[in-house]
Amino acid sequence: MGILTPDPTGDLAWQTAWQSTTFRWKFIIGIIGVLTLLMAFPAFFQTIEKNSGPVLNDWVLNQLPPHDVSVPIFLTIWATALLLLVRARRSPAIFMMFMYGYIIVSLSRMLSINLVPLDPPAGLIPLIDPISNAFYGKSYITKDLFYSGHTSSIFLMFLCLRRWSDRLFALIGTLLVGGLLLVQHVHYTVDVLGAFVFTYPLYWVGKKIALRGWNQIGPKVR
């Protein structure tokens, strides 16, 4: 896998990208898409909370007494998000890949949650994530299960980052978050594994959409 080292002159990278009409249109459309999703999330999540489905007999969860590990989950995800934001400040390619990847992954999750309705695992402890929970609506959501949004989001960050040290940090964070979600019984094992299975190909789709048609400054992203 080729590695893109973000150009040290971040302002120049963004200025050069902004000169491309294609980039400007993709940037504006992407921002509108993200904002539309964020506005739609509360109604969607409140609606799916009314659905019902089976409670899975999850062997892994059966071996794990539930514990509240909200704080390390929250800190790991948002520390990785901050790192991504810092890198995107110097690389419009990273920003665009994550933005379009996030849109496609979110739409995929909305579809899969409706197609595979599940009731929450036994022993679920509500996850305290004040940033993510702000988009869920007034009540805590327990049925946004297949597949895991927290795992898919941090895994997408890993895929979008380019420095090997950043990717190592994000990969460790992804595995940690996936495991801790099971410890807290917020998700089934299949929800966490499904996040890896679905997010990887969807990232490539988002990457193709995000980067095609405008000239990047510096080495190409592979």
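How many cavities of 30 Å³ or more does the count come to? The count comes to three. The views below are all taken from a predicted model.

**View 1. The largest cavity and its lining.** The largest cavity holds about 90 Å³ of space. Its lining is made up of 11 residues. Tyr140, Ile141, Asp144, His150 and Val186 are the ones nearest the cavity centre. By class, the lining of this cavity splits into six nonpolar, four polar and one charged.

**View 2. The largest pocket and the residues nearest its centre.** The space in the largest pocket is about 800 Å³. A set of 28 residues lines this pocket. Nearest the pocket centre lie Trp78, Phe98, Tyr102, Ser153 and Met157. Helices α2 (21-48), α4, α5, α6 (130-133) and α7 (149-160) each give two or more residues to the lining. Helix α5 supplies the largest share, seven residues. The lining of the pocket counts 21 nonpolar residues, six polar and one charged.

**View 3. The contact of helix α4 with helix α5.** Two packed helices are described by an angle and a distance, both taken between their axes. Here α4 covers residues 70-90 and α5 covers residues 92-115. Their axes lie 5 Å apart, at an angle of about 130°. The two helices are therefore oblique to each other. From α4, the contact takes in Leu84, Arg87, Ala88 and Arg90. They meet Pro92, Ile94, Phe95 and Phe98 of α5. The residues of this contact are six nonpolar, no polar and two charged.

View 4. Most peptide bonds are trans. The bond that joins phenylalanine 146 and tyrosine 147 is cis, with omega about 5°. Tyrosine 147 sits in the loop between α6 and α7.

**View 5. A positive phi at histidine 185.** Most residues other than glycine have a negative phi. Histidine 185 has a positive phi, near 60°. The loop between α8 (164-183) and α9 (189-211) contains histidine 185.

**View 6. Spans annotated as transmembrane region.** An unreviewed UniProt entry lists residues 27-49, 69-86, 93-111, 145-161 and 168-186 under "transmembrane region". Residues 168-186 are 84% helix and 0% strand. Here the end C-alpha atoms are 25 Å apart.

View 7. UniProt, in an unreviewed entry, lists residues 144-205 for "domain: Sphingomyelin synthase-like". This span is 79% helix and 0% strand in the model. Its end C-alpha atoms lie 23 Å apart.

Key: Residues numbered from 1 in each chain as written. Predicted model: local features only at pLDDT ≥ 70, side-chain atom pairs only at ≥ 80, totals over all residues. Heavy atoms only, no water. UniProt positions renumbered as here; feature names shortened; annotations may be inferred. Helix = DSSP H or I, 4+ residues; strand = E, 2+ residues; numbered from the N terminus. Axes fitted to C-alpha atoms, helices over the stretch in contact; angles between N-to-C directions. Parallel < 35°, antiparallel > 145°, perpendicular 65-115°, else oblique. Contact = heavy atoms within 4.5 Å. Nonpolar A, V, L, I, M, F, W, Y, C, P; charged D, E, K, R; others polar. 1 Å grid on protein atoms, 1.4 Å probe; cavity = no way out; pocket = protein on both sides within 12 Å on 5 of 7 lines; lining within 4 Å. Points joined across faces, edges and corners; volume = space filled by probe spheres on them.
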